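Trainee: Could we go through this model together, starting with the sheets and then moving on to the helices?
Mentor: Gladly; here it is.

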Amino acid sequence: MTEQPRLAEHNATVALPEPFIRWFGEKGWSPRAHQIELLARAQGGQSVLLIAPTGAGKTLAGFLPSLTELANRPRRKPGQAHRGIHTLYISPLKALAVDIERNLGKPVEEIGLPVTIETRTGDTPAHKRQRQKLVPPDILLTTPEQLALLIAAPDARRFFEDLRYVVLDELHSLVTSKRGHLLALGLARLRSYVPGLQTIGLSATVAEPDELRRWLVGQNPPGAMAGLITVAGGAKPDITILDSEQHVPWSGHSARYAIPEIYEAIKRHRTTLLFVNTRSQAELLFQELWRANEDSLPIALHHGSLDVGQRRRVEKAMGENALRAIVATSTLDLGIDWGDVDLVVHVGAPKGASRLAQRIGRANHRMDEPSKAILIPANRFEVLECRAALDANYLGAQDTPPLITGALDVLSQHVLGVACGAPFDADYLFEEVRSAAPYAALARDTFDRVVDFVATGGYALKNYERYARIRKTVGGLWRVSHPRVAQQYRLNVGTIVEMPELNVRYVRQGRGMAGRGGPVLGKIEEYFAETLRPGDNFLFAGKVLRFEGIRENECVVSNGTGANIIVPSYAGGKFPLSTYLADQVRGMLADSDRWQALPEQVADWLRLQKEKSVLPKRGDLLVETFPRGNRHYMVAYPFEGRLAHQTLGMLLTRRLERANARPLGFVATDYSLAVWALDDMAALFKARKPSLAALFDEDMLGDDLEAWLNDSWMLKRTFRTCAVIAGLIEKRFPGQEKSGRQVTVSADLIYDVLRSHEPDHILLQATRTDASAGLLDVSRLAEMLSRVRGRIMHKHLEQISPLAVPIMLEIGKESVNGGANESLLMEAADLVEEAMGQR
Amino acid sequence: MNFSLARTSLIAEANLVGIAGERAVCDPRGVLYFPDLRLLAVSDLHLEKGSSLARRGALIPPYDTGATLLRLQAVIADYQPSIVISLGDSFHDGGGAERMHASFRERLEALISGRDWFWVAGNHDPEAPADLPGETVRELAIGSLLFRHEPSKERVEGEIAGHLHPCARIVQRGRSVRRRCFVGDGDRMIMPAFGAYTGSLNVLDRAYAGLFRLDTLMAYMLGAERIFAISRSMLRPG
């Protein structure tokens with residue numbers, strides 16, 4: 001349901017104060033319909049969700065209700081107490097808050113409003129924060145973590161008592177994560193302080209606006225929704241897929257083949273923004289572009305692992321239009337607008353149609369001009385995916401991920417935070433928590449278990465009563481037991497748990513580990529640094545670096561040389577193919593009429609597949625088997641994304657092992673999955689030991705999944721995150737590492753002990769829920785298995801099919817975890833024995 | 001005492017090592033057993049580490065003592081030693097023995113009964129554990145062996161120590177494997193920590209500097225079923 005702005009109707013009734021009208025007039029602008037509409041609704045007491053494309057003047061719209069109200073407020077007389085915060089603005093990025101301060105400051109100054117605007121982020125110095133507590137600004141721009149901290153302060157209620165509006169920017173990106181859960185709980189708390197509080201959500205187009213509308217208001221009564229204003233998209237973007245003269249590779253992600261064509265495009269435009277999906281791709285693309293950069297164009301690199309100073313310099317240069325091209329990852333995804341970008345190049349498949357739309361919105365940040373974009377598929381399957389995404393963008397289809405139920409680790413953090421602020425009544429807090437949309441369905445006994453967890457760890461063995469962090473006092477209120485608890489809480493607030501990282505410290509060449517004092521180039525994941533040997537060359541921050549060694553929490557590097565360069569692989573940052581796009585790709589495979597829109601070489605590839613094997617119907621699952629070398633291969637094409645395929649691969653190999661097919665390994669991509677074995681799997685299927693249908697039966701998601709999950713490294717990693725968020729173990733801070741590994745208890749050890757002694761502990765429950773939704777993508781796998789029941793098409797071949805080539809090329813690039821660690825040790829030990837002449 | 005014997009018998013059998021002429025089984029579960037002496041050594045149990053941290057607000061699961069005792073029970077059942085030496089830091093702090101749940105105390109007492117049990121004093125537990133049987137000693141010499149908690153700075157032949165919680169790391173085929181380990185040079189040995197919540201420190205850390213002869217240094221990394229003897233050149237820091 002979309003409510004269209006009705007400008008004429010409101011114009012008469014809306015009170016846009018005189019100075020505003022004059023200001024618009026001086027600028028030669030007139031207020032946009034949705035801005036007036038939003039103001040009218042807000043003045044009518046409503047909370048509102050505004051969905052609009054970039055460049056639609058969303059920010060000003062979001063702040064108009066606050067600014068007009070503040071403009072009419074009588075001035076504070078000398079001696080009168082300072083007023084509290086009037087408007088809270090919350091954005092997912094620190095940089096965005098800073099940017100808004102600049103952008104909002106301008107009209108405020110020009111209109112001459114008596115309004116103070118300040119930011120409060122992790123970077124705000126302590127004295128300024130202190131001052132903000134005493135003399136609050138009218139508008140405070142901040143992040144979800146800072147809100148959590150403010151709520152946990154003893155004076156929170158007073159600090160927020162004058163609050164009128166909360167403006168939530170980039171709401172679509174906030175709500176899909178645990179940060180969104182923390183924020184929803186924080187909002188619920190604010191509504192308890194100020195029952196009349198109004199929220200204004202600003203969002204890009206989403207699939208299910210109603211979910212966001214519920215999110216914005218208290219769920220009492222259940223299902224309550226904020227108002228909705230939708231601004232139709234601007235000019236249709238002009239998107240093309242690169243139709244390369246070159247051979248499009250079968251597999252891989254580098255898109256190296258297209259470098260000359262990308263470089264030409266950069267030359268033809270003023271400023272080009274190049275998006276890639278991962279930081280590794282960013283490093284590679286940047287390196288390749290500079291190799292091609294005969295004209296020495298200013299081309300820069302921007303990703304989340306780089307040193308903040310360097311990122312700020314790039315952003316500044318971009319704002320001054322001093323750059324011709326910027327290679328960037330998702331750090332630049334959100335609506336920060338800098339400079340005059342006139343071309344967006346997307347290297348690699350976009351993985352989701354909404355993400356593509358958002359990124360392309362960066363070009364020509366004016367709503368009425370078409371954005372210009374080129375998609376560069378890195379391999380043949382990506383050509384299909386780009387085509388599907390492109391069709392979707394034209395159709396305006398959206399595939400934002402569904403919201404997930406509020407996480408229990410986040411709730412634990414919040415409960416402790418509330419207690420740090422003021423003693424709480426459990427019945428009251430339960431109702432408050434349930435008013436937050438993600439927790440609307442929370443059961444009372446689950447809530448009580450969370451409170452028990454916060455108090456004493458929630459263990460069946462009641463050993464820790466005397467060490468409780470919060471205690472129920474005589475009056476029935478839960479109270480923090482010691483000031484130290486609040487201190488610890490403040491250090492650990494937030495839901496973003498980084499992988500352990502090392503600073504990359506640059507030293508002069510030839511100094512080795514003795515070198516000191518060079519600049520820090522950024523951060524790198526510890527587990528990657530650990531696989532390097534001194535002398536290895538790797539790509540980072542656009543430079544070739546030589547690994548010297550690890551010193552405390554630093555990875556020491558010097559200038560490297562060009563030979564045998566390794567590109568760091570980063571955990572995360574790899575988005576799986578969205579369900580919507582996957583379906584589109586399947587549809588395209590099945591419909592040869594649509595192949596005309598594809599580059600000739602890709603269409604040929606599909607034709608050849610049809611001839612040599614078969615192409616599945618849209619709802620079918622194709623499984624091919626063929627021998628190759630002395631092994632037997634099975635390739636399945638579910639198109640459900642890498643995570644779901646990895647989970648499927650693990651489960652299938654377990655089953656094949658039981659069927660004595662002697663599987664040796666598997667590999668998964670976004671599109672397909674290959675398993676290889678010593679025995680002929682086709683013969684097994686024929687003899688129905690097991691049949692293919694039985695192999696892919698949904699019951700694999702029962703015991704097999706459970707058994708595998710418990711030993712999986714993914715579960716351990718997820719547990720660590722949950723344990724940190726829930727406050728069971730502390731975050732690691734730089735410098736702390738010095739105290740040595742032997743004094744800290746690692747999350748892995750805690751996991752092992754807890755799993756064997758209390759497998760149904762609430763934190764393990766939270767971990768399993770998380771892993772199923774996240775790293776394992778179990779729900780998607782379940783949907784797929786149920787969808788293809790009775791629709792699995794088996795094709796036995798004498799040799800590899802054209803469609804199977806891409807995944808077969810992946811084999812060997814990636815190894816499968818499992819008992820493999822033991823065999824690595826065995827290898828190392830054998831080397832020693834050999835060297836010592838014992839064998 | 002025979003140096004050459006000690007050195008050549010380093011890898012006589014997968015899990016058998018020589019220390020100052022004594023034969024010892026390096027058990028992959030992290031204990032050292034001397035068959036000729038019927039002596040079992042275990043180090044750094046750190047019992048009640050969970051409750052120790054809980055006192056300071058980190059409410060980690062209170063099951064570490066139970067888990068550690070269960071594993072200790074299993075190795076004692078396998079070897080049936082007549083002497084057991086707990087090589088220091090048996091409890092995570094001085095109050096650990098008192099805090100221990102009654103059921104755990106009973107299990108521990110059952111393990112102790114019928115053997116000679118020695119509590120070597122450690123830096124975490126310099127005093128005798130409260131109300132537990134067994135003899136508390138600062139160090140203990142048996143045959144050519146000397147058992148103490150902290151390794152001596154000067155080289156002492158036959159010294160078996162704990163305290164440092166050694167682990168080792170290798171990189172093989174671009175993958176990193178880190179495990180707890182025994183570390184020795186044929187003359188002396190440092191044992192891995194046995195407790196369920198004990199972390200570990202890489203044998204290449206400077207804390208180990210000067211303790212071993214580098215040419216014969218070996219890390220015996222704990223595997224699921226066996227130990228893996230890894231020489232110094234294969235080891236990685238971190």
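Trainee: Which residue is the bridge partner of A:Leu273 in β11(A)?
Mentor: That partner is A:Ile326. Before we go on, note that this is a predicted model, in which local features need pLDDT of at least 70 and side-chain atom pairs count only at pLDDT 80 or more, while totals for chains, interfaces and linings use all residues. Residues are numbered from 1 along each chain as its sequence is written, chains are lettered from A and ligands numbered from 1 in the order in which they are written, and side-chain values use heavy atoms, with hydrogens and water left out.

Trainee: How many bridges join β9(A) to β11(A), and how do the two strands run?
Mentor: Four bridges link β9 (residues 272-275) of chain A with β11 (residues 325-328) of chain A, and the two run parallel. Strands here are DSSP runs of E with at least two residues, helices are runs of H or I with at least four residues, and both are numbered from the N terminus; two strands pair if DSSP finds at least two bridges between them.

Trainee: What is the strand order in that sheet?
Mentor: It is an open sheet of six strands in chain A, ordered β8-β13-β12-β9-β11-β10, with parallel pairing. At its edges are β8 (238-241) and β10 (299-302) of chain A, each of which pairs on one side only, and the twist from one strand to the next averages 20 degrees.

Trainee: And which strands does α12(A) lie across?
Mentor: Helix α12 (residues 259-268) of chain A lies across β9, β11, β12 (343-347) and β13 (372-376) of chain A, and runs at about 150 degrees to β9(A). Helix α13 (residues 279-292) of chain A also packs on the sheet, touching β9, β10, β11 and β12 of chain A, with its direction at about 170 degrees to that of β10(A). Contact means heavy atoms within 4.5 Å, and angles run from 0 to 180 degrees between N-to-C directions, with axes fitted to C-alpha atoms and, for helices, over the stretch in contact.

Trainee: Switching to the seven-stranded sheet, what is its order?
Mentor: That open sheet of chain A has the order β3-β4-β2-β5-β6-β1-β7, with parallel pairing. β3 (117-120) and β7 (227-230) of chain A each have a single partner strand, so one side of each is left without a neighbour in the sheet. Four bridges join β3(A) to β4 (residues 139-142) of chain A, and A:Thr119 stands opposite A:Leu141 in β4(A).

Trainee: Now helices: at what angle do α17(A) and α20(A) pack?
Mentor: Helix α17 (residues 408-421) and helix α20 (residues 483-492) of chain A pack at about 130 degrees, with their axes 10 Å apart. They are therefore oblique to each other, given that under 35 degrees counts as roughly parallel, over 145 as roughly antiparallel, 65 to 115 as roughly perpendicular and the rest as oblique.

Trainee: Which residues of the two helices make the contact?
Mentor: A:Gln413, A:Leu416, A:Gly417 and A:Cys420 come from α17(A), and A:Val485, A:Ala486, A:Tyr489 and A:Asn492 from α20(A).

Trainee: Last one: what is the mean pLDDT of chain B?
Mentor: The mean is 88, and 93% of the residues of chain B reach 70 or more, where pLDDT is the predictor's confidence in each residue, from 0 to 100. Over residues 1-13 of chain B, however, the pLDDT is below 50, although this stretch has 22 contacts in the model beyond near neighbours in sequence.
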